[in-house]
Amino acid sequence: MRLAIVCYPTFGGSGVVATELAIHLAERGHEIHVVSYEQPVRLDRPRPNLLFHSVTVGEYPLFRHPPYTLNLCNKLIEVVEEHGVEVIHSHYAIPHAAAAWQAREVLRSCDRPKGKGRYDVKLACTLHGTDITLVGREPGYYEITRFAIDRQDLITTPSEWLARETEEHFHVAPGRIQAIPNFVELDRFMPDAHPSWRPTLAPEGTFVITHVSNFRPVKRVEEVVRAFSVIRKRLKAVLVLVGDGPDLPKAESMARELGIRDDLRLLGNQRPEPVLQASDLFLLPSRAESFGLAALEAMACGVPVLGYHAGGLPEVVEDGVTGILCPEGSDICLGTLAADLLEDAPRLARMRLAARARAEHFAPSPIVDAYEEALTGLLR
Ligand code: GMT
């Protein structure tokens, strides 16, 4: 199959999933064209059948907001024409699904200029989360997003929960969406009995609590800091924050107010593996996480996850087995549950093993099989 994968190139989960999928499909012999405005961070293993195409945004004094969607659409047309791409797979609906639909309309049209062929490219879109739960529902995006999703030949979501949300809010017929979970590279995200980062992060006898995110409001970083302050009252611990985003300064100022700023380690955007391997607990108290790839990566490193029974997280984290999920809206304190767990060494050790075992259910091979089957199925 000749496949174009359109994605964001950033550290965010949708870009990571898209890039890893591109690599796996290329390893299986498919010809993959990754299209984005920058080379994705995880696209670091060159292969002859895995090409990156950069979308350049046209600057013009008249444009207060350069129309990226048009540049993307144009790039997709070029890539399909030059490489005979058969399927365009968009990751995150906005604006990728709409740009892909526009490109297909152009490529299909009867009145193409002389010398330009007609192509009937298939469209697939993996919805990832806030494209459905937040941004896509804004009036400024809703209609075109709903339309573009409807025009796809294949729609996938990483959780059953997100599939139901999409059906309900975007009026997609039940049964049209295929839930294909995210996967984790188990040989990269794995427990390490002697994590090299541990001494740098915390002195001996100090627990390491971690949160990795893009620090947007949906992540509820204030909950992370509040829970940590409760842990800190009972135990020696540090809170390691990996990633960057609008609410990071809020975390820092809250920690200052609570008198725990010295226990905060802000590491910015970087590969999370060495931090997770050095961690005792992972906090992810999001309001609605469609899947929680960061939680899965933590579990793969043998780190239990604490959060809320919300969104698709319960499809990843087993409450009481691989972590703890508080009922949403309850006044049970996440920090108290975390401190109780840290003080119960045998229970913590059991959860660590169970977390890794659960993560092994999300090994790449069968999940890439599901994508491969669904995408090649479009060509039959
Ligand atoms: O939807 C977002 O906020 C962005 C997206 C991303 O690009 O990081 O995150 C979503 O996609 C990930 C990969 O499928 C999921 O693991 C995250 O749970 C999901 N985020 C939310 O639903 C908040």
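A polar contact is a pair of N or O atoms within 3.5 Å; within protein, one of the two must be able to donate a hydrogen and the other to accept it, and residues adjacent in sequence count only if both atoms are side-chain atoms. Keep that in mind as we walk through this predicted model, in which local features need pLDDT of at least 70, side-chain atom pairs count only at pLDDT 80 or more, and totals for chains, interfaces and linings use all residues. Residues are numbered from 1 along each chain as its sequence is written, and side-chain values use heavy atoms, with hydrogens and water left out.

Let us begin with the overall layout. The chain is divided into domain 1 (2-183 + 363-377) and domain 2 (198-362), with bounds that come from an automatic or database domain assignment. Domain 1 gives 21 residues to the contact and domain 2 gives 20, where contact means heavy atoms within 4.5 Å. The C-alpha centres of the two domains are 31 Å apart.

Where does the ligand lie? Both domain 1 and domain 2 give residues to the shell around the ligand, so it lies between them. That shell has 16 residues, and the closest are Gly13, Ser14, His128, Thr130 and Glu289; a residue is near a molecule if one of its heavy atoms lies within 4 Å of it.

One of its oxygen atoms is 2.6 Å from an N or O atom in the side chain of Glu289, and an oxygen atom of the ligand is 3.1 Å from an N or O atom in the side chain of Arg216. With Ser290, a backbone N or O atom lies 2.8 Å from a ligand oxygen. The protein covers 95% of the 480 Å² of accessible area that the ligand has on its own (areas come from the Shrake-Rupley method with a 1.4 Å probe).

Thr166 is found in helix α6 (residues 160-170). At 0% relative accessibility, Thr166 counts as buried, a word that means under 20% relative accessible area (1.4 Å probe, protein chains only). A polar atom of the Thr166 side chain is 2.6 Å from the backbone oxygen of Leu162.

Thr19 sits in helix α1 (residues 13-27) and is buried, with a relative accessible area of 1%. Here a polar side-chain atom of Thr19 lies 2.6 Å from the backbone oxygen of Gly15.

Methods: Helices (H or I, at least four residues) and strands (E, at least two) are DSSP runs, numbered from the N terminus. Buried means under 20% relative accessible area, exposed over 50%, partly exposed in between (1.4 Å probe, protein chains only).
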